[in-house]
Structures are given as C-alpha cells and as structure tokens.
Amino acid sequence: MYYTTTTMTWSDGVTESTQRPQTRPTQLPYVPPHLRNKYNNGAMSSMPTSLNDDYANKNANSYGFTTESTQPPLGRGGRGHRGRGGGGGRGGRGRFHQTQEQDSYNIASKFEKLEVNVDDESPESTNFAAYDDIPVEVSGSEIPSPASSFEEIDLGESLNRNIKRCKYVKPTPIQRHAIPIALAGRDLMACAQTGSGKTAAFCFPIIHAILELNRLSKPGRVAFPLALILSPTRELACQIYEEAKKFAYQTRVRVAVAYGGAPIVHQLHNLEKGVDILVATPGRLVDMMERAKVSLSMIKCLALDEADRMLDMGFEPQIRKIVQQMDMPPCGSRQTMFFSATFPDEIQRLASDFLSNYIFLSVGRVGSSTDLIAQRVEFVPNMDKRNHLMNLLRGQEPNGTHGKHALTLIFVETKRGADALEHWLSLNGFPAIAIHGDKVQMERERALKSFKSGYTPILVATDVASRGLDVPHVAHVINFDLPKDIDDYVHRIGRTGRAGKSGLATAFFSDQNMPLAKALVELLQEANQEVPLWLNDYAKRASNIVGGGRARRFGGSKFGGYDFRRDAQYEIENDPYSSTYGSFDGTASSYGLSNANSYAATGVDSYSTGSYGHEFSHETVEASGWD
Ligand SMILES: Nc1ncnc2c1ncn2[C@@H]1O[C@H](COP(=O)(O)OP(=O)(O)OP(=O)(O)O)[C@@H](O)[C@H]1O
C-alpha cells in the first residue's frame with residue numbers, strides 16, 4: 001500500500017553477486033551486522049582467513065569498532081544474516097538493551113530529574129538567529145497577533161514549567177504564530193519547515209485547552225478522548241506521544257498512544273485508565289472504534305501532523321471515516337489543525353473540507369527546505385552508487401563527543417533495497433541497520449533506537465522514516481535513491497538541520513531522476529544552494545519533455561507561503577461569469593471580486609513578513625514588530 005513499491009531500484013537490484021566479494025561462501029554462521037566485516041571477511045579468498053588484525057587494520061574505515069565496543073545489540077543470534085532486518089532485529093535482549101536503551105529511550109520517565117532552568121541558552125537550544133529573517137504568510141479572517149515570547153503567550157503555570165524543563169527559551173517562528181491562533185480556538189492549516197517545532201505548536205494549545213476545560217477524562221471501558229492527534233506512521237505517533245507526555249508532565253492531562261503492529265490489548269488497557277489526548281495512526285484507531293473501545297464524541301480538538309500525507313491517496317478514506325463518518329463532532333464544533341512542511345494545492349483543497357473559517361499560516365516557504373541544510377547533488381551513475389557511498393562514508397570522520405560518529409541516514413526507494421544495502425554496508429564494515437515497512441514493529445523500533453543511541457550510526461531507510469522523525473545529531477542525509485516527488489525529498493533531508501542546527505544532505509542523481517531535475521533546481525535555488533551546471537541541463541531537458549517533470553506544487557508563488565484559496569480567488573477574478581465565491585472560509589460567504597482589494601473587502605486579512613513576501617493582487621498588510 002502506502003509505503004510499498006514494487007519497482008526495482010538500484011539499491012535492491014545491484015545483485016549481491018556483482019557487488020559482494022566474489023568468493024563469499026554460501027553458508028556463514030550468523031554474525032550480527034557490526035561484526036560481519038571482521039568475522040566474515042575471513043572467508044574471502046583475497047583476504048586473510050581469520051579474525052585477522054592485519055585485515056582489520058588495512059580495511060579499517062573510520063567506523064572501525066574495537067571488539068569491545070561492538071557488543072552485538074542482540075543477545076540470541078537472530079535469523080541468519082539474510083533474515084529480515086539483516087539480522088538487526090530478532091534476537092533477545094543483550095547488554096545494549098539493558099543499558100543504553102533503558103537510559104536513553106523513555107525520556108518522559110526521566111523528566112522529573114530534569115532541572116527547571118530559566119535562563120539557560122544551552123548549546124542544545126535552538127539557534128534562533130537562523131530563523132530571524134524567515135518569511136511568514138498568514139491569511140484568513142481576524143487573525144490573532146503573533147507572540148514574541150512564551151511569557152507573552154502565557155500557557156499557564158504547569159505548561160510554562162514544562163517548557164522550561166524542555167529548555168525551550170523562545171518560541172520558534174511557527175510557535176509564535178500558530179500558538180496564539182490555536183489558543184483563540186481557530187482552525188488552522190499551518191506549514192513550516194522541517195525541524196522547526198511544529199509538534200509543540202499544536203501540543204501546547206491542546207494541553208492548555210484541556211486544562212482550561214477542567215474536565216479530565218475518567219477511567220472506563222470506552223475511552224472518550226478530548227483531543228485526537230493523527231500521524232501517518234507508527235514511529236511518528238510514538239514520538240509525538242513522548243513529546244506530548246513531556247509537555248503534559250504533572251498537569252494531570254493523560255496522554256495515550258494507539259498504533260498498529262503492537263498488541264492492541266496493551267494499548268486498550270492503557271486507554272481504559274482514561275485518556276485526554278489520544279495520539280494515533282488511522283488504521284489502529286479505526287479498529288478500536290469499530291470494537292467500540294474509543295468514542296470520538298467528546299473531541300474538542302483534532303490535529304493532523306504531516307497533514308498532506310494523511311490526506312493523500314493512502315489515508316484519505318480512513319481520515320474521512322474517522323472525521324466524518326463516526327461520532328466525531330462536525331467541522332465547526334471542534335477545532336481542527338493541520339500541520340506539515342509541505343502542502344500541495346490539491347491536498348489543501350481536500351483539507352479545507354475538514355476545516356471551518358480557517359487561517360492559513362506558512363512560516364518559511366511552503367515545501368522548501370531550510371537554509372540550515374547544506375545540499376549537494378552529485379551525478380552518480382547507478383553502477384557506481386555503492387562505491388560512491390562507501391567513499392563518502394569513509395570520508396566521514398568521527399566528530400561527535402567522545403569521537404563518536406555523527407549519524408547518517410541513507411534513503412533508498414524499496415524495502416528490498418534497504419535490506420540489501422544494509423547487508424552490503426555491514427559486510428564492508430559500516431555499522432548499518434535498516435528500517436522499512438516489512439519489518440515487524442519490534443524490529444522497526446529496535447532499528448530506530450539503535451540508530452538514535454549512536455550504537456548503529458548508519459540507518460538505511462525507506463520513506464517510512466522520512467516524515468516527522470526527530471533524531472538529534474543526524475548530521476548527514478544521503479539520498480542513495482532519489483524520491484520521485486520533490487516533497488518527499490524535502491521531508492527526507494529535513495531529518496537533519498533541525499531546531500536551528502546545521503546539517504548536510506547529499507543526493508545521488510542519475511539519469512532516471514531527470515523528472516525531478518527541475519523541481520530540484522528550484523529548491524536548491526530557493527535555499528541558496530549551489531546548483532551544478534549539469535543539473536541545470538537536466539532541468540532544461542526535462543522541461544522540453546512533455547510535462548516538464550513535476551512542477552512545484554504550490555502554484556505560481558515562487559517564494560513565501562501559498563494559500564490555495566488565492567488561486568480560487570484568482571480564477572474567479574478572471575472569470576467574467578462568476579461573481580460569488582462561497583467556499584473560501586468554509587462558510588457561505590459571497591462577495592464580488594472585481595477589484596484588487598476584494599480579498600480584503602471580504603474580511604479576509606493577510607499579512608506577510610520576512611524577506612520573501614511576494615505580491616498578491618489583494619491587499620497585503622506588512623506586519624512588523626515581532627520578527
Ligand atoms: N521553542 C523551542 N526551543 C528549542 N527547541 C525546540 C523548540 N521547539 C521545538 N524544539 C525542538 O526542535 C526539534 C524539532 O521539533 P519538531 O520535531 O516539532 O519539528 P517539526 O517542525 O515537527 O519537524 P518535521 O517537519 O520534520 O516533522 C525538537 O527536538 C524539539 O524538541
């Protein structure tokens with residue numbers, strides 16, 4: 001379905017026979033990925049024949065682990081080196097799981113120990129200078145003013161305390177604009193660049209609203225959450241859940257999570273204890289509702305993270321079922337908020353079905369990447385991809401604290417490709433682990449934990465890991481296979497360069513990627529990145545082909561945010577037979593559209609800030625004073 005592709009790409013297709021050492025024996029004892037190079041290579045004809053230091057030294061890349069440091073993450077072997085997950089998944093719980101996992105994963109459980117530090121602008125804090133000149137576009141009616149600080153927003157004592165615990169000193173731009181809008185109870189369609197703090201932008205107002213209601217949920221056989229947050233992937237649901245728990249710490253607001261691939265019984269048991277905020281993936285939620293374990297009749301607030309993904313082909317029927325066909329209060333009686341870094345026109349149109357008199361907010365250019373990410377596009381013929389990757393990885397010196405490797409995330413197109421590349425990297429001494437939709441949930445979670453902890457500093461992933469995942473210290477994202485869709489590229493590279501930190505993204509471009517060339521050039525230009533001459537040529541050639549490659553999805557606006565309603569506005573302005581427009585804000589407003597100020601005349605305001613504000617035919621109010 002959604003993450004499934006049947007096409008073969010280079011990462012799967014480059015057969016092991018052509019790429020692996022030719023004399024690799026057919027039967028090898030199981031060796032975990034990290035140790036395969038040292039232990040398995042003994043079987044290679046051109047190599048020394050045992051656990052030979054000589055070989056290990058000659059072939060040491062900068063990831064070369066000592067035997068001591070490479071305690072395998074799995075205690076009980078696994079399923080053989082070609083088993084699911086490349087051996088990274090199924091064993092028992094070894095030393096790793098008893099130590100690092102417990103220490104690092106459940107942040108919320110350790111939250112109590114964190115200090116409340118009022119003035120700390122620690123290195124971990126956001127680099128706000130990076131966001132200073134960010135363009136902001138807002139449109140809709142009666143737009144609440146943005147706030148410049150958390151004090152000004154005033155989310156209440158307990159939330160403010162938790163914000164300090166998180167060491168959030170200042171709101172990020174999306175938070176400055178979105179939180180006041182959400183606190184005013186308005187529906188919202190919000191776009192902001194990857195890693196810019198959207199999760200808190202919807203979690204804070206939700207928690208605040210529930211506290212204001214002063215009516216927390218009670219235990220019972222059927223759960224009646226007051227707020228629902230939907231996420232397209234299980235991992236993202238878990239991440240939002242962990243974040244929401246931190247933000248709701250000591251507030252008595254109960255947060256629960258429901259996602260597929262894990263036993264439903266345990267999740268239901270948690271729900272029975274009472275839940276105020278339910279974070280869920282659509283499939284599992286529908287299942288629970290059909291079992292009459294969850295009712296959405298009390299929902300006051302609905303938030304969709306990665307909203308464009310939630311409404312694309314894969315999820316739209318499930319979302320319609322959850323939002324329109326079960327017992328959720330109708331549009332207008334609940335508050336609805338959509339968040340994403342990308343929001344194609346056609347998906348905005350769909351989304352407007354679920355919103356009432358909403359405000360459109362974009363911080364940074366919709367669908368653009370952040371300038372914090374240095375982007376490099378290299379022409380790499382398919383045949384050379386693996387060697388090129390190896391050289392790239394060899395060049396990465398340990399640079400983290402204690403000489404640890406910064407994390408590298410490699411995207412490939414298919415699940416098979418992810419397994420094959422993980423295996424090949426492991427064989428060559430690079431500690432890699434794969435994550436994709438064919439792995440069982442436990443394997444997926446383990447892969448992510450192992451990567452997050454730095455234990456396996458290379459993660460090979462399909463798009464299952466492209467959206468929303470916030471893994472600190474991802475220094476390099478490599479698009480081994482480029483995606484077909486430029487928005488997917490934006491989300492993928494957005495796994496680095498988060499929260500004001502800088503990052504690097506390298507893409508391997510080959511002939512097959514020509515349809516992406518034009519959009520890629522535009523994206524690089526917008527992000528002030530160098531565009532290789534050869535890529536420009538590809539873009540020109542692509543333009544000459546019918547369709548011209550996939551154009552940017554945000555219509556005619558090169559810079560700044562883009563509210564699709566403006567297109568509709570434009571169409572009507574230019575349609576001599578049309579004089580009314582009834583769907584702009586989800587209400588039946590109608591207005592004449594004959595002059596340039598008609599947009600403002602309808603009570604629909606807008607403002608733009610920052611250096612990329614662009615011109616519209618309607619009145620644009622320049623806002624200042626907070627940016
Ligand atoms: N006000 C703040 N100050 C400092 N750090 C913050 C602040 N708000 C959020 N962060 C941190 O920024 C990081 C990115 O936030 P988040 O995951 O919400 O980004 P996002 O915009 O949802 O990204 P994506 O589009 O990839 O989903 C997180 O580690 C979060 O803790």
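Domain 1 (48–71 + 93–364) and domain 2 (372–555) each contribute residues to the shell around the ligand, so the ligand lies between them. The model is a predicted one.

**The ligand shell**

The ligand is surrounded by 20 residues, and the closest are Tyr-168, Gly-197, Lys-198, Thr-199 and Ala-499. By class, the shell holds six nonpolar, eleven polar and three charged residues. Helix H11 (residues 198–213) supplies the largest share of the shell, three residues.

**The chain as a whole**

The protein has 627 residues, of which 49% count as buried. Its secondary structure comprises 25 helices and 16 strands. Among contacts between residues at least 6 apart in sequence, 75% join residues at least 24 apart.

**The nonpolar core**

The largest nonpolar core has 144 residues, and those that touch the most other members are Leu-188, Ala-190, Ile-277, Val-279 and Leu-459. H11 gives the most to this core, with nine residues. Both domain 1 (48–71 + 93–364) and domain 2 (372–555) provide at least three residues each to this core.

Which residues does Val-279 contact, leaving aside its neighbours within four places in sequence? The contacts of Val-279 are Ile-229, Ser-231, Ala-237, Ile-240, Tyr-241, Ala-244, Val-255 and Val-257.

**Annotated spans**

The annotation "domain: Helicase ATP-binding", from an unreviewed entry, covers residues 179–361. The table gives the make-up of each span and the separation of its end C-alpha atoms.

| Span | Helix | Strand | End C-alpha separation |
|---|---|---|---|
| Residues 179–361 | 41% helix | 17% strand | 11 Å |
| Residues 148–176 | 59% helix | 0% strand | 6 Å |

**Asp-345**

Asp-345 is found in helix H17, which covers residues 345–352. Is Asp-345 buried, exposed or partly exposed? Asp-345 is partly exposed, because 17 other C-beta atoms lie within 10 Å, whereas a buried residue would have 20 or more and an exposed one 12 or fewer. Asp-345 and Gly-314 are 31 residues apart along the chain, and their C-alpha atoms are separated by 17 Å.

Conventions
Residues are numbered from 1 along each chain as its sequence is written. This is a predicted model: local features need pLDDT of at least 70, side-chain atom pairs count only at pLDDT 80 or more; totals for chains, interfaces and linings use all residues. A residue is near a molecule or strand if its C-beta atom, placed from the backbone, lies within 6 Å of it. Helices (H or I, at least four residues) and strands (E, at least two) are DSSP runs, numbered from the N terminus. Ala, Val, Leu, Ile, Met, Phe, Trp, Tyr, Cys and Pro count as nonpolar, Asp, Glu, Lys and Arg as charged, and the others, Gly among them, as polar. Domain bounds come from an automatic or database domain assignment. UniProt positions are given in the numbering used here, feature names are shortened, and annotations may be inferred rather than shown by experiment. A nonpolar core is a set of buried Ala, Val, Leu, Ile, Met, Phe, Trp, Tyr and Cys residues joined through C-beta atoms within 7 Å. Two residues are in contact if their C-beta atoms, placed from the backbone, lie within 7 Å.
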